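Please keep the sequence and the structure at hand while reading.

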Amino acid sequence: MNSKGYKSKIKLNDTVILSDQDGLQSITVQPGESVQSRNGVFLHSDMLGKEYGSKMWSNKGKTYRWALHPTPELWTLSLPHRTQILYTPNISLITSLLELIPGTSVCESGTGSGSLSHAIARTIAPTGHLYTYDFHAERVQQANDEFTAHGLSELVTCQCRDVCREGFNVENYVTAIFLDLPNPWEVIPHCPKSFSPGYSRIVSFSPCVEQIQKSCIALRESGFIDIQMHECLSQQLQVSSCRITEARLDESTDKREERHVLSVVPRLCMPSHTGYLLSASYIKCNVHDL
Ligand SMILES: C[S@@+](CC[C@H](N)C(=O)[O-])C[C@H]1O[C@@H](n2cnc3c(N)ncnc32)[C@H](O)[C@@H]1O
């Protein structure tokens, strides 16, 4: 997640993701701090100097957790929520619809809890830049603290701004814009001035189809082309080993045979609708080409 790559050893003030069968927990390694569990205490000081990926035993030696290096995917599952957030299935589709690659410059609003921002920063590193905006000052402060703590401050500029009223303070520069706002159609008319000359992409996430309808109208009126709508429904398949009993039909006896087989079945519960992703392209003529 760090703009300079992965560290090998845990140091003071690092963000570490502790993982066990019950889930993930993110901590900032501090002197004198600890994590309590039913079967003992994990001292932060025990983690210092250990390799990322180490098994950390509790003080009673009864239970352990893996100490993992943060990645955008682990951070999304363990970050402190200030808002609703985007999860990895939507994030992966957003990244590809925006056509992000290392070096892309991107505008995003709102920053919210920074879940998507971390994934964008990792994708556009080491030479791209993310300009992310939220009109909630406290959220901007918290997001900036986290970007700094995660070594992303060179890749991300996070500012307090009402983008629906003022648009983005970046002109002729970015090739991708992402919106996760209650009223994206208000910011869409501001977007073309932020795009660099040539081909650019926009994606907007909205839970309700009425928001999509208004955004589609705004996209058409602002000169966007290739407008498409997507819904990301990710179905996980569960692979497990099970025993089945088969009747031996070729014999007169009722002898049955037990076999171990691998079964692949969809999980019984699956995340359903989260939102719609509206995507479009914009082509900006270079004045010299006219
Ligand atoms: C659902 S959250 C975004 C979550 C983010 N995508 C994530 O994955 O963590 C929406 C954010 O948009 C911000 N917002 C709403 N209207 C805004 C506006 N006009 N200008 C800037 N930010 C705005 C809110 O303060 C909120 O933090």
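The model is a predicted one. The relative accessible area of Ser222 is 16%, and a residue counts as buried under 20%, so Ser222 is buried.

Which residues does Ser222 touch, leaving aside its neighbours within four places in sequence? They are Ile188, Pro189, Pro192 and Tyr282. Tyr282 is itself buried, at a relative accessible area of 15%.

## Aromatic pairs

A pair of aromatic rings is described by two values, the distance of the centres and the angle of the planes. The model has seven aromatic pairs. One of the seven joins Tyr133 and Phe168. The distance is 5.2 Å centre to centre, with 50° between the planes, and the pair is tilted. Tyr133 belongs to strand S8, while Phe168 sits in the loop between H6 and strand S10 (176-179), so this pair ties together parts that are 35 residues apart in sequence. Both Tyr133 and Phe168 are buried.

Phe224 and Tyr282 form a further pair, and it is tilted because the ring centres are 5.0 Å apart and the planes stand at 55°. Phe224 is in the loop between helix H7 (209-221) and strand S12 (225-231), and Tyr282 is in strand S15 (residues 276-284), so the parts tied together are 58 residues apart in sequence. Phe224 has a relative accessibility of 5% and therefore counts as buried.

## A ring cluster and a charge

Trp57, Tyr64 and Trp66 are linked by ring pairs into a cluster. The ring of Tyr64 also has the charged end of Lys55 over it, 4.3 Å from the ring centre.

## The largest pocket

The largest pocket holds about 940 Å³ of space. Its lining is made up of 47 residues, and those nearest the centre are Gln84, Ile85, Leu86, Asp180 and Phe205. Two or more lining residues come from each of these elements: helices H2 (72-78), H3 (88-97), H4 (115-124) and H6 (163-166), and strands S7 (105-109) and S8 (129-134). H3 gives the largest share, three residues.

Sorted by class, the lining of the largest pocket has 20 nonpolar, 19 polar and eight charged residues.

## The second largest pocket

About 220 Å³ of space lies in the second largest pocket. Of the 15 residues that line this pocket, Asp20, Asp22, Ser37, Thr63 and Arg65 lie nearest its centre. Strands S1 (15-20), S2 (23-28) and S6 (64-68) are the elements that give two or more residues to the lining. Four of the lining residues are nonpolar, seven are polar and four are charged.

## The enclosed cavity

How many cavities of 30 Å³ or more does the structure hold? There is one. The volume of the largest cavity is about 100 Å³. Its lining consists of Met1, Asn2, Lys7, Asp14, Thr15, Tyr52, His69, Pro70, Ala149 and His150. By class, the lining of the largest cavity has four nonpolar, four polar and two charged residues.

Conventions. Residues numbered from 1 in each chain as written. Predicted model: local features only at pLDDT ≥ 70, side-chain atom pairs only at ≥ 80, totals over all residues. Heavy atoms only, no water. 1 Å grid on protein atoms, 1.4 Å probe; cavity = no way out; pocket = protein on both sides within 12 Å on 5 of 7 lines; lining within 4 Å. Points joined across faces, edges and corners; volume = space filled by probe spheres on them. Helix = DSSP H or I, 4+ residues; strand = E, 2+ residues; numbered from the N terminus. Nonpolar A, V, L, I, M, F, W, Y, C, P; charged D, E, K, R; others polar. Phe/Tyr/Trp six-rings, centres within 6.5 Å; stacked < 30°, edge-to-face > 60°. Buried < 20%, exposed > 50% of the residue type's maximum accessible area, 1.4 Å probe, protein only. Lys NZ or Arg CZ within 6 Å of the ring centre and 35° of its normal. Contact = heavy atoms within 4.5 Å.
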